[in-house]
Amino acid sequence: KTTNINAFVIDIKDNESPAYPAKIFKTLSPTNYKKAINSYEGYKEAIRKLKEANFYVIGRITTFKDNYFVKDNQEVAILDKNTNEPYLHNGSYWPSPYNRDVWYFNVELAKEAVKEFGFNEINFDYVRFPDKMNKVDNIIDLKNTYNESKVQAIQRFISYARDSLHELNTYISVDVFGECSSTYVTSYGQYWPAISNIVDVVSSMPYTDHFGRTVDTWSNAYKTVYNWAVGAAKRQTEIPTPAVDRTWITAYDTPYWNVSVVYDANKISDQV
């Protein structure tokens, strides 16, 4: 017998939008603590209502994109060699994914949230290096203490997070770009087989306008997502223990930089 269960994703920490004043914020990131957008009590009550309504509740953490954590701990940031200051990437500061203190902070936040609120699953988003950083490699310091590849750093963080959360009987999922199901290793460290063989759920984001700018990949949503899915399915066969594949789909009008296609119910259905 199978039972259909609806899931609800609720932020624990988004960049510049910490959801509640977590205890770990108070000690390791006072700015995140101060900037919390909900009270502890109000947040807990919201989750209680979701669980009472039989939702599967997923807590989302924006991992390696965190302006406030960098503000409080500048020594962990990706560094601009020209200024000796944290490197500003598209308006945001990033803690280095190589840094173990950053790993500890995010995993301890996840563990605290599970213990306090009873999340069924923790979803780690932005589990990657900033995209397109290969263009500025000569002016940034990623602080690669252990001489790891980007893929190694991402996989090892996920392994650490998984082991910690499995001890609490909690599932772990990771969001990845749709591109990472290709056969090459992405410049930002996401490689499908290296992630799917670690996590419980891999949540890819094959957003249709992310596959091209000069080529229109967004008008025919069915074809774009179908083509992506063929590649992703192949990646899943390359490892003996692939994760569950639970895919995000495009639900905004496209392309995001110059909207010309409305993503209505038909476009959503095409992707499904």
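**Close-up 1. Buried residues of helix α6 in the predicted model.** In this predicted model, the buried residues of α6 are K150, V151, A153, I154, F157, I158, S159, A161, R162, S164 and L165. The elements that cover these buried residues include α5, β8 (121-125), β10 (171-177) and α7 (192-196). Helix α6 itself runs over residues 150-166, and its 17 residues reach 24 Å from the first C-alpha to the last, close to the 24 Å expected at 1.5 Å a residue.

**Close-up 2. Buried and exposed residues of helix α3.** Helix α3, formed by the 13 residues 40-52, reaches 18 Å from its first C-alpha to its last, which is close to the 18 Å expected at 1.5 Å a residue. Its buried residues are Y43, I47 and L50. These cover an arc of only 55 degrees around the axis, and therefore lie on the same side of α3. On the other side of the helix, E41 and E52 are exposed. Among the elements covering the buried residues of α3 are β1 (7-14), β3 (56-62) and α5 (100-117). Just after α3, N54 takes a positive phi of about 70 degrees.

**Close-up 3. The largest pocket and its lining.** The largest pocket has a volume of about 960 Å³ and is lined by 28 residues, of which D131, K132, F177, H210 and Y256 lie nearest its centre. By residue class, the lining of this pocket divides into 11 nonpolar, 8 polar and 9 charged residues.

Methods: Residues are numbered from 1 along each chain as its sequence is written. This is a predicted model: local features need pLDDT of at least 70, side-chain atom pairs count only at pLDDT 80 or more; totals for chains, interfaces and linings use all residues. Side-chain values use heavy atoms; hydrogens and water are left out. Helices (H or I, at least four residues) and strands (E, at least two) are DSSP runs, numbered from the N terminus. The expected span of a helix is 1.5 Å times one less than its number of residues. Buried means under 20% relative accessible area, exposed over 50%, partly exposed in between (1.4 Å probe, protein chains only). The arc is that of the directions from the helix axis to the C-beta atoms. Contact means heavy atoms within 4.5 Å. On a 1 Å grid over the protein atoms alone, a cavity is a set of points where a 1.4 Å probe fits but cannot get out, and a pocket is an open set with protein on both sides within 12 Å along at least five of seven lines; lining residues have an atom within 4 Å of a point. Grid points are joined across faces, edges and corners, and a volume is the space filled by probe spheres set on the points. Ala, Val, Leu, Ile, Met, Phe, Trp, Tyr, Cys and Pro count as nonpolar, Asp, Glu, Lys and Arg as charged, and the others, Gly among them, as polar.
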